[in-house]
Amino acid sequence: MSITSPDQKAQKRVRAKESAILFTISGHPFAIASSAVHEIRSADSLAGSAMEIAQSGVTKVKHLVHRGNRSYFVVNGCAHFGLKTARPTLVLILRDSPVAILVDKIERMTDIAEPNPLPLAFEGEERRWYRGLSYTDDVIMPVVNPAGFLTRHELRALEEALHASRAEAHAELSGTVAQ
Amino acid sequence: MTAAAIEKNSFVLLQLGKRRFGLPAAIVTELAPPVKLHVFAHQTPMVAGVIMRRGRIIPVYDVTPVLAGKKLPDRRFYLVASRKIDAQDELSAIPVDGECELVTAELFPSPEDSPKYVAGVLSIGEETIEVLDFETLVRTTTAPAVSNGANPQQLGPIA
């Protein structure tokens with residue numbers, strides 16, 4: 001039989017905290033671990049350097065942006081989460097995946113409770129979208145999974161579309177030079 | 001009557017609109033007060049959001065369009081019941097209009113034309129009350145998940 005002191009029990013009840021960025025898309029609240037975000041930029045500031053991706057079959061991604069020596073597929077948050085179209089103003093550029101997310105607004109950066117697992121009742125794509133649910137300041141919000149924005153299949157389709165459009169551009173350029 | 005027989009014949013009667021329905025008392029955990037319904041983006045049909053109850057996050061199934069043919073009322077209680085999903089026990093809630101009642105009565109087979117979510121009927125006074133098969137009910141799809149594309153301000157908060 002193990003004996004647990006009241007202090008130990010209280011310690012067990014306290015969930016670990018993590019630093020997170022709280023943001024909204026189409027009025028819905030979300031959180032993402034601060035450590036998963038490399039940079040936050042205004043959508044307008046990236047507009048000039050964005051390259052259009054055509055016919056990839058991944059409708060939630062229309063552009064590619066370059067930051068430093070890396071490229072990021074820009075995922076429309078509304079399309080990804082199946083929400084009403086809003087006008088995104090900011091881009092969250094992720095740290096460990098080639099993904100940038102269009103969001104409406106950053107609410108704040110704060111410490112949130114470690115996410116609870118998503119209840120098993122949730123059976124849709126949200127199981128891939130979210131790491132879990134966090135209860136912070138009387139609000140339960142989903143904590144997004146940074147790896148859940150694009151599947152391996154979607155990434156491959158985007159890379160192929162990108163490769164094809166680069167090849168096309170190269171062919172056009174070669175044709176122009178030959179003339 | 002043995003304790004097991006009493007438990008088998010115990011039902012919680014819940015009010016939804018003008019109708020009453022029964023749920024086996026064995027699966028009912030509590031009647032929660034009108035707490036805040038938290039809504040976020042997801043794709044699971046029937047799930048309206050989650051509530052926080054006794055430190056646990058409990059999914060809420062919007063069964064009112066199926067049972068009462070209407071939208072969620074503005075203020076409602078939540079009847080919390082346990083389910084087994086993938087061999088794990090999990091609590092789920094459904095919104096109800098008000099007080100619930102515990103009754104002991106014999107369960108009769110449901111008429112052949114009853115919906116699949118009706119497990120049987122109770123005869124209480126002059127009233128015939130449908131007893132719900134909770135598992136089948138929450139898997140009865142009538143429309144896409146209410147939270148998708150909806151403005152959370154229109155759905156909550158409630159309290």
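**Aromatic rings**

Analyst: Happy to. One aromatic cluster is formed by A:Phe23, A:Phe30, A:Phe81, A:Phe122, A:Trp129, A:Tyr130, A:Phe149 and B:Phe40. Before going on: this is a predicted model, in which local features need pLDDT of at least 70 and side-chain atom pairs count only at pLDDT 80 or more, while totals for chains, interfaces and linings use all residues. Residues are numbered from 1 along each chain as its sequence is written, chains are lettered from A and ligands numbered from 1 in the order in which they are written, and side-chain values use heavy atoms, with hydrogens and water left out.

User: How do I read an aromatic pair, and how many aromatic pairs are there over all chains?

Analyst: A pair of aromatic rings is described by the distance of the centres and the angle of the planes. Rings of Phe, Tyr and Trp (its six-membered ring) pair if their centres lie within 6.5 Å; planes under 30 degrees apart count as stacked, over 60 as edge-to-face and the rest as tilted. By that rule there are nine aromatic pairs over all chains. Take A:Phe30 and A:Tyr130: their ring centres are 6.4 Å apart and their planes stand at 40°, so this pair is tilted.

User: Are A:Phe30 and A:Tyr130 buried or exposed?

Analyst: Buried means under 20% relative accessible area, exposed over 50%, and partly exposed in between (1.4 Å probe, protein chains only). A:Phe30 has a relative accessible area of 0%, so it is buried; A:Tyr130, at 5%, is buried as well. A:Tyr130 also forms a stacked pair with A:Phe81, at 6.0 Å centre to centre and 15° between the planes. Here A:Phe81 lies in helix H3 (residues 77–81) of chain A, 49 residues from A:Tyr130.

User: Next, the strands. What is the order of the six strands in the open sheet of chain A?

Analyst: Helices (H or I, at least four residues) and strands (E, at least two) are DSSP runs, numbered from the N terminus. Two strands pair if DSSP finds at least two bridges between them. In chain A the order is S3-S7-S8-S6-S5-S4, with mixed pairing. Strands S3 (37–42) and S4 (51–52) of chain A are at the edges with a single partner strand each, so one side of each has no neighbour in the sheet. S4(A) is joined to strand S5 (residues 61–67) of chain A by two bridges, running antiparallel, and A:Met51 has A:Leu64 as its bridge partner in S5(A).

User: Finally, how many residues does each chain bring to the contact?

Analyst: Contact means heavy atoms within 4.5 Å, and 26 residues from chain B and 26 residues from chain A take part. Buried area is the accessible area (1.4 Å probe) that two parts lose on being put together, summed over both. For chain B and chain A this comes to about 2,100 Å², 64% of it on carbon and sulfur atoms. B:Phe40, B:Ala41 and B:Ile57 supply 27% of the area that chain B buries against chain A, more than any other three residues.

User: Which side chains meet in a salt bridge?

Analyst: A salt bridge is a side-chain nitrogen of Lys or Arg within 4 Å of a carboxyl oxygen of Asp or Glu. The rule finds one across the interface of chain B and chain A. A:Glu123 and B:Arg139 meet in a salt bridge, at 2.9 Å from N to O.
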